[in-house]
Number of protein chains: 2
Amino acid sequence: MTLQIPISPVVDIHTHMYPPEYISILSSRDTIPLVRTFPSSPDPRLILLESEIPSLELALTDPTAPLPGRPLTKSFTSLPAKLAFMSRHNITTSVLSLANPWLDFLPPDEAGATAHEINTSFESMCASEPGRLYFFGTLPLTAPLETILASITHLTTLPHCRGIILGTSGLGSGLDDPSLLPIFSALATSTLPIFLHPHYGLPNAVYGPRSAAGEYGHVLPLALGFPMETTIAVARMFLAGVFDAVPELRMILAHSGGTLPFLAGRIESCVLHDAALVGKMGGKEGKRRRTVWEVLREQVYLDAVIYSEVGLKAAVEAGGGADRLMFGTDHPFFPPVGVEGGGEDGVWESVGLNVQAVDKALGEGSEEARMVMGGNAVRVLRLFE
Amino acid sequence: MTLQIPISPVVDIHTHMYPPEYISILSSRDTIPLVRTFPSSPDPRLILLESEIPSLELALTDPTAPLPGRPLTKSFTSLPAKLAFMSRHNITTSVLSLANPWLDFLPPDEAGATAHEINTSFESMCASEPGRLYFFGTLPLTAPLETILASITHLTTLPHCRGIILGTSGLGSGLDDPSLLPIFSALATSTLPIFLHPHYGLPNAVYGPRSAAGEYGHVLPLALGFPMETTIAVARMFLAGVFDAVPELRMILAHSGGTLPFLAGRIESCVLHDAALVGKMGGKEGKRRRTVWEVLREQVYLDAVIYSEVGLKAAVEAGGGADRLMFGTDHPFFPPVGVEGGGEDGVWESVGLNVQAVDKALGEGSEEARMVMGGNAVRVLRLFE
């Protein structure tokens with residue numbers, strides 16, 4: 001099929017779905033992640049974060065307690081709801097991904113088949129809406145290496161797959177684990193970039209007793225824990241030399257790199273002031289060490305989910321220009337509040353904040369803004385080909 | 001004494017010292033923080049971070065193991081060394097502060113007297129070099145409230161004291177602890193701003209096994225843990241309404257606010273999407289909720305210890321202009337490497353990186369650069385008065 005390429009497409013590269021197969025798995029579980037129904041809630045509740053466990057335990061014994069997690073509305077599960085959201089916000093094309101925590105929690109012997117099922121489900125959704133939908137696949141990371149590699153091979157046969165979404169735990173001990181190198185190499189060879197996304201956050205204790213008591217909602221784990229998790233994961237890859245070991249590897253970092261644009265200078269300075277580390281990181285075969293800035297500008301892309309002009313400018317500058325940043329919405333998370341039923345059928349302020357940030361930082365209608373809003377995604381992810 | 005006010009002073013507001021009284025305390029301790037001597041090291045070693053415990057334990061049993069912590073050179077303890085460093089880097093005036101972890105670890109009955117001793121020691125140093133030295137005092141936070149308040153009163157009698165340095169633990173459970181409000185109020189009434197500085201970082205586990213094995217030096221706790229600790233501490237204060245409760249409180253945040261300039265948009269969006277929280281934060285007596293941006297521009301200053309043009313620009317923009325940012329060096333941490341003896345008598349690259357960031361972001365010699373390099377500190381901290 002030949003597709004008409006839109007002139008100024010708006011591409012959302014950060015937009016999640018839970019297909020029905022995945023919801024069944026979550027509903028059958030007793031530990032997080034899980035889905036639960038409560039008499040006082042019209043929708044089932046989705047409980048993902050460790051920080052939500054205290055409120056889950058409370059709600060299971062006290063029917064008047066505030067409900068844990070968030071409502072699992074149609075925005076999380078329904079393709080028509082996704083398409084309606086896209087139309088309402090002038091989004092030409094979405095690159096869907098399974099939302100966290102992906103398949104990280106599955107038993108090793110189930111993960112391969114489940115990944116096949118989920119990835120096939122995404123491919124069917126995308127095929128039903130040519131030019132409007134692509135997806136990032138999901139890997140069965142708890143399975144044996146050969147199963148993971150077979151899953152990558154499967155993804156290369158799916159015409160709408162444009163990369164994979166990955167959490168920070170890898171095979172269980174982070175993305176600086178050398179056992180991941182064959183997987184990173186297979187992804188690089190298959191031209192499948194990694195969309196790196198947080199899930200595990202930081203240990204609850206860092207947010208203090210008032211946060212644990214629910215006084216601040218989910219603000220601290222989501223606003224700070226998520227970005228710091230991404231930053232730590234990428235910094236570990238950088239320090240371990242993963243980017244040098246797999247030079248064709250490409251990463252797209254969620255939430256504008258967590259905090260990487262702001263902290264890259266501090267990371268670089270800390271490396272520079274550690275003689276032993278600089279020696280170790282000298283690069284292979286006599287090559288000089290690449291700085292974190294060089295890695296950012298050669299192997300890393302960022303999404304533009306940052307909700308501010310200040311952050312967006314830093315993200316652009318960290319990448320050396322506007323050609324490494326790609327618009328995203330984080331739908332269906334952060335629905336409008338204060339409207340009956342969550343207002344998910346209306347205009348989403350969370351989307352508006354991110355569009356505004358691009359317009360303010362780069363100039364509404366400018367060539368650079370158009371690149372961030374869609375042009376970069378078309379080029380980097382080879383859309384409409 | 002009337003002081004000649006320099007025309008374009010360079011003021012270093014982030015520069016630490018350990019007076020001799022403090023070194024004696026650290027040397028007598030068996031748990032971190034502590035100072036230890038090793039046969040293979042010309043200088044005693046200073047061990048501050050939880051992440052340094054494994055290498056400390058190894059070094060105590062294996063004389064060939066790498067040494068833990070960092071060398072406690074004259075740069076940490078000697079006033080002539082500090083003054084020589086200042087002259088070498090064209091720093092007109094330094095606002096000294098005790099380095100972390102301050103007095104956080106002292107028994108309650110010792111803390112008050114030790115604070116008095118340490119603050120008096122800083123005052124004597126400053127008095128010996130009129131116009132060149134001021135200081136941030138240290139509070140005995142483990143002591144009873146009346147002792148802490150008496151310590152604030154003592155600080156108001158010391159002519160060179162311009163604020164206090166504070167860690168993130170407060171009275172033990174963070175800076176959103178309501179028990180701190182009388183202390184914050186007393187500081188506000190005394191026009192003593194808080195210089196907020198990290199120490200505790202994040203739990204080691206977040207950095208993974210390779211970092212724990214020492215493969216990455218101290219890079220992750222220092223480059224990422226420190227800034228995230230500061231960000232979490234201030235976000236907790238914001239969510240708890242501390243800035244509204246004590247509107248005259250002024251904070252100066254170390255390391256350009258940790259990650260706050262980059263993440264303020266995400267914090268604001270997460271608050272905005274939590275209806276219950278927005279209701280609670282509605283402000284007192286019918287006032288509307290202030291955004292994190294407003295708090296940043298009304299009650300917060302940042303130092304310029306960020307080591308990059310990208311970060312510095314974001315820090316300036318987060319504050320709504322260049323009048324809320326103040327140059328700092330973080331001396332004596334991050335001495336030059338690769339030179340015999342650490343090169344502490346030479347030119348410090350860490351200083352150069354921060355000067356360069358200001359020059360590149362704001363224009364070398366521009367009025368804005370002059371404000372960040374010293375003018376703002378003179379105004380905000382009432383220097384040369």
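A: A:Ser308 is buried, with a relative accessible area of 5%, where buried means under 20% relative accessible area with a 1.4 Å probe and protein chains only. This is a predicted model, in which local features need pLDDT of at least 70 and side-chain atom pairs count only at pLDDT 80 or more, while totals for chains, interfaces and linings use all residues. Residues are numbered from 1 along each chain as its sequence is written, chains are lettered from A in the order in which they are written, and side-chain values use heavy atoms, with hydrogens and water left out.

A:Ser308 lies in the loop between strand 10 (300-303) and helix 14 of chain A, helices being DSSP runs of H or I with at least four residues and strands runs of E with at least two, numbered from the N terminus. Its side chain reaches the backbone nitrogen of A:Gly311 at 2.9 Å. Leaving aside residues up to four places away in sequence, A:Ser308 touches A:Ala357, B:Gly265 and B:Trp293, contact meaning heavy atoms within 4.5 Å.

Turning to the interface, 66 residues of chain A are in contact with 66 residues of chain B. The two chains bury about 5,700 Å² between them, 71% of it on carbon and sulfur atoms; this buried area is the accessible area (1.4 Å probe) lost on putting the two parts together, summed over both. In chain A, A:Phe262, A:Arg266 and A:His273 lose the most area to chain B, together 16% of what that side buries.

Conventions
Buried < 20%, exposed > 50% of the residue type's maximum accessible area, 1.4 Å probe, protein only. Polar contact = N/O pair within 3.5 Å; in protein donor to acceptor, adjacent residues only side chain to side chain.
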